[in-house]
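Here are my notes on the model you sent. They go from the overall fold to single residues, in numbered points.

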Amino acid sequence: MTADWHGQALVIVPTYNEKESITRLVGQIRGLAGDIHVLVVDDNSPDGTGGLVDGLAGADTGIHVLHRAGKLGLGTAYKAGFAFGLARPYQFLCTMDADFSHSPESLPALLAKASTGYDLVVGSRYVPGGGVEGWPTSRKILSAGANLLAHLLLGVSIRDCTAGFRCYQRHVLEAIDLDAIFSSGYSFLMEMAFYVQRAGFRCGEVPITFVNRTEGSSKISKTEIYKAFYTLLRLRTRALPWEWAVGKLRRKEAIGE
Ligand SMILES: Nc1nc2c(ncn2[C@@H]2O[C@H](COP(=O)(O)OP(=O)(O)OP(=O)(O)O)[C@@H](O)[C@H]2O)c(=O)[nH]1
Ligand SMILES: [Mg+2]
């Protein structure tokens, strides 16, 4: 069977010091059915990640790399990746982490769901069948807390709205004013979820098991956590009083119940 997304999907992978995993990750994505292209957005990683991907890109026209001058944040890396993808004829623009917390094997499920008419599909830890492996309790509380607040304060229906494993249909990214997204770091993900839902797009989730990284090191700092809470409060001032109820109604639709 030819996949609906054949030759139409780009996976954006932001990297900062991911030399241990990037070659294997890119190889696995390129090995999937459907000729899925990869764009690595590297922030001049001191460990040479960008140079490694240059080597891969030289041998495969389905591999691209964007080099940025320095560590400019996860959110702006996504934006740069979206601009690259939108300037080319990709219909599905996916994002995922480089550290194998997101398994390339789940990409076809995200793309398949997007192909059935979901505008944004999230690889989700918090829907039946999803989960987390290897996280300390503190990390679980942080993630669950951020999602609960996004639901209660902003009415975000996506159960895992801090997840970076996503598939956007092209028209979503064309419709959202990306320049108006305030967050430059990790909270970009929550902010995007809020605006995508606000614009009336259909959001779906597919279960994934998030595996804590076993190589390289985390880039989440305390500052990013404070910024995420600031983002929640800032967006709260824009949310409507009944948004919580709307989000609640939409939750069932996200997993096709
Ligand atoms: N280009 C770019 N990539 C980044 C930046 N910060 C993080 N990343 C990448 O974004 C992805 C997610 O970062 P991680 O540090 O793995 O964050 P996380 O998965 O939420 O947290 P861990 O569980 O600690 O791994 C990884 O591929 C990082 O290399 C940045 O400032 N610029
Ligand atoms: Mg990670």
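1. A term first. Two strands count as paired if DSSP finds at least two bridges between them. That is the sense in which Cys94 stands opposite Cys167 in β7. Keep in mind that this is a predicted model.

2. Overall build. The chain has nine helices and nine strands. Its C-alpha atoms fill a box of roughly 55 × 45 × 35 Å along the principal axes. A compact globule of 257 residues would have a radius of gyration near 18 Å, and the chain has 17 Å, so the two agree. Buried residues make up 46% of the 257 residues. Among contacts with a separation of 6 or more, 83% are between residues 24 or more positions apart.

3. The sheet. Seven strands form an open sheet with mixed pairing. The order is β3-β2-β1-β4-β7-β5-β8. Which strands stand at the edges? They are β3 (63-67) and β8 (203-207). Each has a single partner strand, so one side of each is left without a neighbour in the sheet. On average, neighbouring strands of this sheet are turned by 20° against each other, direction ignored.

4. The parallel pairs around β1. β1 and β2 run parallel and are joined by six bridges. Here Leu10 stands opposite His37 in β2. β1 also runs parallel to β4, with four bridges between them. In that pair, Ile12 has Thr95 of β4 as its bridge partner.

5. The antiparallel pairs around β7. β4 and β7 (residues 166-169) pair in the antiparallel sense over four bridges. Thr95 comes up again here, as its bridge partner in β7 is Arg166. β5 (residues 120-124) and β7 also pair in the antiparallel sense, over three bridges. Val121 stands opposite Cys167 in β7. Cys167 is also the residue that Cys94 stands opposite.

6. Two strands with buried faces. In a regular strand the side chains alternate between the two faces of the sheet. What does β4 show on each side? Phe92 and Cys94 point one way, Leu93 and Thr95 point the other way, and all are buried. β7 is likewise covered on both faces. Arg166 and Tyr168 lie on one side, Cys167 and Gln169 on the other, and all are buried. Note that Arg166 is among these buried residues.

7. Helices on the sheet. α2 (residues 49-59) lies across β1, β2 and β3. The helix runs at about 150° to β3. α3 packs on the sheet too, touching β1, β2, β3 and β4 (92-95). The direction of α3 makes about 150° with that of β1.

8. The ligand shell. There are 21 residues around ligand 1. Which come nearest? They are Pro14, Ala77, Ala98, Ser218 and Lys219. The elements that give two or more residues to the shell are β1 (9-15), β2 (37-42) and α3 (74-86). By class, the shell has eight nonpolar, five polar and eight charged residues.

9. Gly7. This residue lies in the segment before β1. Is Gly7 buried or partly exposed? It has 14 C-beta neighbours inside 10 Å, so it counts as partly exposed. Gly7 and His37 are 30 residues apart in sequence, and their C-alpha atoms are 7.7 Å apart in space. His37 is the β2 residue that Leu10 stands opposite.

10. Backbone points to check by eye. Asp35 has a positive phi of about 45°, although it is not a glycine. Asp35 sits in the loop between α1 (22-30) and β2. With 13 C-beta neighbours inside 10 Å, Asp35 counts as partly exposed. Phe100 also has a positive phi, of about 70°, and is not a glycine. Phe100 sits in the loop between β4 and α4 (107-115). Why does Phe100 count as buried? Because it has 20 C-beta neighbours inside 10 Å, and a residue is buried if 20 or more other C-beta atoms lie within that distance.

Conventions:
Residues are numbered from 1 along each chain as its sequence is written. Chains are lettered from A and ligands numbered from 1 in the order in which they are written. This is a predicted model: local features need pLDDT of at least 70, side-chain atom pairs count only at pLDDT 80 or more; totals for chains, interfaces and linings use all residues. The radius of gyration is taken over C-alpha atoms; the globule rule is 2.2 Å times the number of residues to the power 0.38. A residue is buried if 20 or more other C-beta atoms lie within 10 Å of its own, exposed if 12 or fewer, and partly exposed in between; C-beta atoms are placed from the backbone. Two residues are in contact if their C-beta atoms, placed from the backbone, lie within 7 Å. A residue is near a molecule or strand if its C-beta atom, placed from the backbone, lies within 6 Å of it. Ala, Val, Leu, Ile, Met, Phe, Trp, Tyr, Cys and Pro count as nonpolar, Asp, Glu, Lys and Arg as charged, and the others, Gly among them, as polar. Axes are lines fitted to C-alpha atoms, for helices over the stretch in contact, and angles run from 0 to 180 degrees between N-to-C directions.
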